[in-house]
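Have the structure open as you read.

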Amino acid sequence: MKTFYALIYCFMIAVVEKNSAYFEKCFFKNDTCGWTVHESVVMPGNYILVCGVGGSLDSCYPRYLFQDGDLWTRRTIRSIILAELPWSISDQVDKLDNRYVLATNSFSKDVIGQYNFYVSDIISPKIPMSLEFRCLHYSHLVLGDNALVVAYITDYFEPYEISHYLKTHGESSFINFSRTSVTLPIGTDFKLVFRAIQENWRGLILIDYISITGGLCEVCAENEFGCDDFRDECIPLSKVCDLNADCLGGEDEKNCDSEAVETVCKENMRTSRNKNRTLDEGSASNDVDFNLSVSDSNDCKTRDCCPFCATNDSEYSCPTNCTSSGLSFNCTSDNTPAYATSVTVSGLVQDALVFNDSFSNLRQIIIIHCKLQLLKIDSNLTIQTITISNSTIDIAEVDDSTSSLRFVRIENSTFDEVKFSSESGLKFNFFVHRSTLKNPTHISFVTGGFVDLSETTGFPLTIPNYIYDINVKPTIVNLSSCNLNEQPIFRMSVMVLDLSRNNLSTWFYSSLFQSLHLQHNSIIEINFTSDLRQSEAQLHFLDLSYNMIKVIREHDFVDLPNLLQLIMRNNRLEDIHENAFSFITKLHGLDLSSNNLHSLKRNHFLRLLNLQSLDLRNNKIQLVEGMFDGLISIKYLRVDSYTLCCAQPKTVSKIQCTAPVDEFSSCNNLIGIPLLISLIWYIALFAVFGNLLSPFYRGFLLKVQNLSSFVIYSINLGIADFLMGVYLYIIAGANLRFSGRYGFEDEGWRHSHICTVAGVLATLSSEASALFVLLITIDRIIIIRSQFTYSQRRSFVSKVTSAFVWILSLILSLLPLLESDYFENYYSSSGVCISLPLSVQRKSGWEYYMALFVGTKSVIFLAVLLGQLVIVVYVLHTRKDVYLRYTIQQREEVTLTKTMVAVAITDVLCWLPIGVIGFLTFRGIDVGSQEYAWFVVVLLPVRSALNPLIYMLSETLKWITRKPQMPKVSHSSQSSRSSENTRPGGFDKRNGSTNKLKAA
């Protein structure tokens, strides 16, 4: 049953108004929890109708004078004046636990004599509106000719005229507190009222422990006995008719065959084994062979079967094929004792199973895996629960003339006919699942209850389309998954109706409906008929999700002025008229998620002044400045992009806007972190001008004629790093241009050609830079391993390799521009125009950029790291005396190698955090949005700025540490050195090679 309630109301949201005085439970130990007594005076010539005199709502009288506000008080039970009460009553009241309660008993004789009865009200704090059911629980004790009326008011003007009644209580039948529960209204805020009505000045009314819980009021379980409809008191079924009163009012021993129970327990049944009992003594027809017999029996100890017996020695006979616990029997045959209080029959195959008046103790019937032609339960029995499962029954007849039946459950069973009858109408909760009724007839429900007929055939047609008593409480009806093509028409007090998961194309509602569930049907338009003859529509909740509605027209909701929650998710909505919501101005929650909406304007929400929750996720809505300005009460906004949060009303200070987190941008700036706004300019400055001067210095100022492979690679590396600086300037410039309103420019910027070019440049720079660092590392290894004899004139190979690197990098950068769904919005997925694998959000083409930035880079920088380790090991093992014997060229090659070690290690260290975070996000571990921004602005491009700085630092140190020039030597020595420097593999200073090396 709880699962059913959770299913029906799982889409409801509670709209809670913050109120410091609102209570959930109160014991009155410290204070009154906000409950107050007000002075109420009726103006001359007017009157208020007071109902509930004597505990009956039918007794209503006009009242011209009200209370003067001093009767309901918080006090301990011992402090209550009991002198005017009879001694027998006051003595029992004194025996109650001395605790704080709300009490009223100080009535005046003069007032009572003048007005016949006196009225005292105590009012709760305002209970905030909710679209979920809630249950009020309270304990009460009423003594004397008094009455307690429980009601609620929505009009807070004094004097309080009550028109919404929840419960009435007359004089208690015993001196003890009774616990009672009532379901609270939905869709409105209200105040609770406890009204004391006293006809005799000698009386007492006490209220203790008031609480409010979520969900519908559920009192007793199926295997429990409900003592009274006006009390929340339940006992185990095994304690019913056991000769001991367990209910406070002794209801468990009423309507019991006490004589039969006493006889069974006190007499030795061994002497009567041949005595037969029949289920239908004298009333069963001759063609029905159904006799209860104990001729074949076994002995049961009374402590096991009759624990209420006086001695442990008495024994009685248990029927064959039965087991028992107390008076609860589980039988596989038809010989159930007539004195049983609970009967479970399983595996029975026969013509008829009849429970007649002789089963006066019976309160529960359970039928499992049976095949019967007739199941009959006669009148005058006080059965409370009937459960039938996995059975086939041709005809089931239940006569509930005593109106005691409160729960019927049927599961996985098949019937030809099901008949329920009652003189005063049926009041039970009816739960049927996965069952079939071939010939349905109406079941006359006349009281508020739960009718769950989900996943059934035929049973939905048993609900009548009319009602006998208009004053009964509303009913909750579940007809989901019943394969209905047409909606049954109910002209009865149905409060909640669930028609989900059927085949309905149109629908109907009456003025009494408060909640209507139509999700998962075949509705293509909001086309309905209504019955508003009694009043205007009271519908508060409407769920039309998972249908095929494409358009909401202007007047589709004109007849639903009290609608509070509208769910339209997962339809095919493409267009909504600007005035479609102007007729449902009380709306608190609106769900338009998962549709095909592209445009919503300010006029759509202009009149939704009470809307507190709006869900627009999984649409393609374009941002329009001021589109939410009419939502002055909005608290919860759920959208696909943070930019839609930028359009939230400026008149509302606190809004919880839920959207995918943008790792970089905010509503005001493309770069959301102020420190990064400054850093990006400095990094761009060093990346652009540092890498621009380095190739110019090497290629033009030094006028190098024969470029070595290192020079070629380093020039290309500088160009790649220069492109990264250009990318940073583009991003920094866009941030400056859109400062203060970036959120409204985000869509246009991300899909602009400039943003696409910036993304291509960033990808091109990143890939080319990594490859050139790898080539330089390979080149350095070859140089040092060949003892510096490697030819420096293989510039052709270096140029061809460099060209290949640029072509490959350009292809990898341009590939996402292909018109493919896989690369949709690849460069426009973020405001920085580049997709990095640093988020768990799987954007389009995520496998590609994961392989590009994590997989490929991991391989490249792992190779670079290993290569640098080889170089470092070689340099560390180079002895100083060997270094002194090197030529100038060899020494400068070693210095150059050390510089490249620093460059490569810097690049690896800058990439390492990106690689690690990329691997973590691939495994589903997310990082914060601020960390993402730091990676993009600092770690990714900073190496492009550091590389030229390392070169400049290396050159500066070289000039500072250069030794003074050696004195002139003899001509012979100079000639010898000249010949040494000009031999094959040597070096000629006259050709400017020294300057070339310095440039490198």
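## A helix and its surroundings

Helix α9 runs over residues 709-737, and its 29 residues reach 42 Å from the first C-alpha to the last, close to the 42 Å expected at 1.5 Å a residue. Of those 29 residues, 21 are buried, so α9 is mostly covered. Please keep in mind that this is a predicted model.

The chain has 1000 residues, and buried ones make up 52% of them. Its accessible surface comes to about 45,600 Å², with 53% of that belonging to carbon and sulfur atoms. Among contacts with a separation of 6 or more, 57% are between residues 24 or more positions apart.

## Nonpolar cores

In soluble globular proteins, nonpolar side chains tend to be buried together. Which members of the largest nonpolar core touch the most other members? They are F430 and L542, in a core of 99 residues. Setting aside neighbours within four places in sequence, F430 is in contact with V408, I410, F420, I443, F445, F450, V451, D452, L453 and F459. There is also a second, separate core of 38 residues, which includes I731, A758, W846 and F853.

## Aromatic rings

The count of aromatic pairs in this model comes to 25. One of them joins F415 and F459 edge-to-face, at 6.2 Å centre to centre and with 90° between the planes. This pair links distant parts of the chain, since F415 sits in strand β26 (residues 414-421) and F459 in the loop between β29 (450-452) and β30 (475-478), 44 residues apart. Both F415 and F459 are buried.

A further aromatic pair is formed by F420 and F430, again edge-to-face, with 5.7 Å between the centres and 70° between the planes. Because F420 lies in strand β26 and F430 in strand β27 (residues 429-433), the pair ties together parts that are 10 residues apart in sequence. F420 and F430 are both buried.

Elsewhere, a charge meets a ring: the charged end of R74 sits over the ring of Y100, 4.1 Å from its centre.

## Individual residues worth a look

| Residue | Relative accessibility | Class |
|---|---|---|
| T341 | 0% | buried |
| Q648 | 25% | partly exposed |
| Y209 | 26% | partly exposed |
| N176 | 31% | partly exposed |
| N380 | 51% | exposed |

T341 lies in the loop between β18 (328-331) and β19 (342-346). Is T341 buried or exposed? Its relative accessibility is 0%, so T341 counts as buried. Beyond residues up to four places away in sequence, T341 touches L237, V240, C241, L327, S328, N361, L362, R363 and Q364.

Q648 is in the loop between α7 (642-645) and β42 (656-658). Its contacts, leaving aside neighbours within four places in sequence, are F628, I655 and C657. From C-alpha to C-alpha, Q648 and G630 are 9.6 Å apart in space, and they are 18 residues apart in sequence.

N176 is found in the loop between β9 (164-169) and β10 (178-183). N176 and S139 are 37 residues apart in sequence, with 9.6 Å between their C-alpha atoms. Leaving aside neighbours within four places, N176 is in contact with L96, H140, L141 and L248.

Y209 is not a glycine, yet has a positive phi of about 50°; Y209 lies in strand β12 (residues 204-214). N380, also not a glycine, has a positive phi of about 70°, and N380 lies in the loop between β22 (371-377) and β23 (385-389). With a relative accessible area of 51%, N380 is exposed, whereas Y209, at 26%, counts as partly exposed.

How values were computed. Residues numbered from 1 in each chain as written. Predicted model: local features only at pLDDT ≥ 70, side-chain atom pairs only at ≥ 80, totals over all residues. Heavy atoms only, no water. Phe/Tyr/Trp six-rings, centres within 6.5 Å; stacked < 30°, edge-to-face > 60°. Helix = DSSP H or I, 4+ residues; strand = E, 2+ residues; numbered from the N terminus. Buried < 20%, exposed > 50% of the residue type's maximum accessible area, 1.4 Å probe, protein only. Lys NZ or Arg CZ within 6 Å of the ring centre and 35° of its normal. Contact = heavy atoms within 4.5 Å. Areas by Shrake-Rupley, 256 points an atom, 1.4 Å probe, with all protein chains shown as cover. Core = buried A, V, L, I, M, F, W, Y, C linked by side-chain atoms within 4.5 Å. Expected span 1.5 Å × (residues − 1).
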